[in-house]
Amino acid sequence: MKDIEGRYYAAFAELGPGAANDFKHLIDCVQAFLDLLNDPETDFRVKLMDYGKVKSDVFEFCRYYTRRLGNPLMERLKAEIYEILEEVIDWWGRQEVFNIMRGKR
């Protein structure tokens, strides 16, 4: 997520501190979700609900800033974050299946 933050931060900073803070908050929320997936104590249903929430938050954020920064930039940002989310949720799902098969759940 730090790589994405580094590539896009300047565009939001040009809009002012409010937009830059909004972007930083979005990155922090996505990172918090990624950290949650690694928490073995958190129930899988909570993780799935948070996945839906963070994906919705990314969509709404990009939709809002499309008006100010343009569709191509926001579509690219959304696609990059969605790709990361899909990769980690796929990885997490495979880990859950392996744990069930090994009798760890």
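User: Why is Lys24 called partly exposed?

Analyst: Lys24 has a relative accessible area of 28%, and because buried means under 20%, exposed over 50% and partly exposed in between (1.4 Å probe, protein chains only), Lys24 is placed in the class partly exposed. This is a predicted model, in which local features need pLDDT of at least 70 and side-chain atom pairs count only at pLDDT 80 or more, whereas totals for chains, interfaces and linings use all residues. Residues are numbered from 1 along each chain as its sequence is written, and side-chain values use heavy atoms, with hydrogens and water left out.

User: What makes Glu5 and Lys24 a salt bridge?

Analyst: Their side chains meet at 3.7 Å, N to O, and a salt bridge is a side-chain nitrogen of Lys or Arg within 4 Å of a carboxyl oxygen of Asp or Glu, so the pair of Glu5 and Lys24 qualifies. The pair links distant parts of the chain, with Glu5 in helix H1 and Lys24 in helix H2, 19 residues apart. Helices here are DSSP runs (H or I, at least four residues), numbered from the N terminus.

User: How do you know whether Glu5 is buried or exposed, and which residues is Glu5 in contact with?

Analyst: Glu5 counts as buried because its relative accessibility is 13%. Glu5 lies in H1, residues 2-15, and, leaving aside neighbours within four places in sequence, is in contact (heavy atoms within 4.5 Å) with Phe23, Lys24 and Ile27.

User: Why are H2 and H3 called roughly antiparallel?

Analyst: The axes of H2 (residues 17-37) and H3 cross at roughly 160° and come within 10 Å, where axes are lines fitted to C-alpha atoms over the stretch in contact and angles run from 0 to 180 degrees between N-to-C directions. Angles under 35 degrees count as roughly parallel, over 145 as roughly antiparallel, 65 to 115 as roughly perpendicular and the rest as oblique, and H2 and H3 are therefore roughly antiparallel to each other.

User: Which residues of H2 and H3 meet, and how many of each class are there?

Analyst: Among the H2 residues are Phe23, Leu26, Val30 and Phe33, which meet a set in H3 including Tyr51, Val54, Val58 and Phe61. By class, this contact has 13 nonpolar, one polar and four charged residues, with Ala, Val, Leu, Ile, Met, Phe, Trp, Tyr, Cys and Pro counted as nonpolar, Asp, Glu, Lys and Arg as charged, and the others, Gly among them, as polar.

User: How do H1 and H3 cross, and what makes up their contact?

Analyst: The axes of H1 and H3 (residues 44-69) come within 11 Å and cross at roughly 65°. Ala11, Phe12 and Leu15 of H1 make the contact with Phe61, Tyr65, Arg68 and Leu69 of H3, and by class it has six nonpolar, no polar and one charged residues.

User: Where do Lys55 and Glu86 lie, and why are they called partly exposed?

Analyst: The side chains of Lys55 and Glu86 meet in a salt bridge at 2.7 Å, N to O. Lys55 lies in H3 and Glu86 in helix H4 (residues 71-101), 31 residues apart. Lys55 is partly exposed because its relative accessible area is 24%, and Glu86 is partly exposed because its relative accessible area is 35%.

Note on methods:
Helices (H or I, at least four residues) and strands (E, at least two) are DSSP runs, numbered from the N terminus.
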